[in-house]
Amino acid sequence: ADVVLVIGAERLYADICRDFAGTATVVVALNKSGGVVAREPAFREKSRQKNIHAYFYGRNSDLNPFSTTAAIYQDPSSVTATLESGGGGGGTGGGEDEAAARVDNANAIRVFTATGMRKISSSALPVGIAATMDPLQIDEVVPSTALQHSLVAVLGSQSEENDVEMLRQPVMGYAHITQVNVEKGLFTILAPAAGKIPSKKFLLGSIKWLESR
């Protein structure tokens, strides 16, 4: 079973207990050690940026990360709709066969994000009925320039299923989306090592990194 340790935050402990009620997850509350103080947000942000830089370039800037481009995943159904409306050029309408010919997603990158959901309180359910909805859900992110400078986790999942099971897969490493060209359908990605990106699925968080050397 998963174990969640909550240190010195009673409200957070209560929230997590409520969200994972009825699951196998064990939530444990711990007291802060004596003399422990919270770090200032500015210090934590500076430390985070330094560690991200070290991940790609090394502590002494002695590593050489690799910049590459990768195709953005395109939904064939949306391409078909564009062609049928005459937006695909020529106005002749090629239908789904033409759309499939134009969309090559074999090595395209898909970006997902995890969103939390509040479980229904047991007091609001009939007696003997437990909430079965997972508190986490996976949503696919629509590519846009808003993804620029985002740090993403490269998921180990090779499955075509896009569900919460992806979150139970190992993280193979991290990448940095430096540019997004929606018109050309390309991501520019900074990786810590050269070679083919080992997975086509990225998990987006909330961390942005403006690269500086």
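The model is predicted, so local features need pLDDT of at least 70 and side-chain atom pairs count only at pLDDT 80 or more, while totals for chains, interfaces and linings use all residues. Residues are numbered from 1 along each chain as its sequence is written, and side-chain values use heavy atoms, leaving out hydrogens and water.

**Overall build**
- The protein has four helices and nine strands, taken as DSSP runs (helices: H or I, at least four residues; strands: E, at least two) and numbered from the N terminus.
- Their order from the N terminus is β-α-β-α-β-α-α-β-β-β-β-β-β.
- Of the 213 residues, 28% are buried, meaning under 20% relative accessible area with a 1.4 Å probe, protein chains only.

**The largest nonpolar core**
- This core (buried Ala, Val, Leu, Ile, Met, Phe, Trp, Tyr and Cys residues joined through side-chain atoms within 4.5 Å) has 16 residues, and Ile109, Val111, Leu147, Phe187, Ile189 and Phe202 touch the most other members.
- Two or more residues come from each of β6 (150–155), β7 (171–181), β8 (186–191) and β9 (201–208), with β7 giving the most, three.
- Beyond its neighbours within four places in sequence, Phe202 has contacts (heavy atoms within 4.5 Å) that include Ile109, Val111, Val152 and Ile189.

**Strand β8 and its partners**
- Because five of its six residues are buried, β8 is largely enclosed by the rest of the structure.
- β8 pairs (at least two DSSP bridges) antiparallel with β3 (residues 66–71) through six bridges and antiparallel with β7 through five.
- Thr188 in β8 stands opposite Thr69 and is also the bridge partner of Gln179.
- Four residues separate β7 and β8 in a hairpin, where Gly185 in the turn has a positive phi of about 70°.

Technical notes: Buried < 20%, exposed > 50% of the residue type's maximum accessible area, 1.4 Å probe, protein only.
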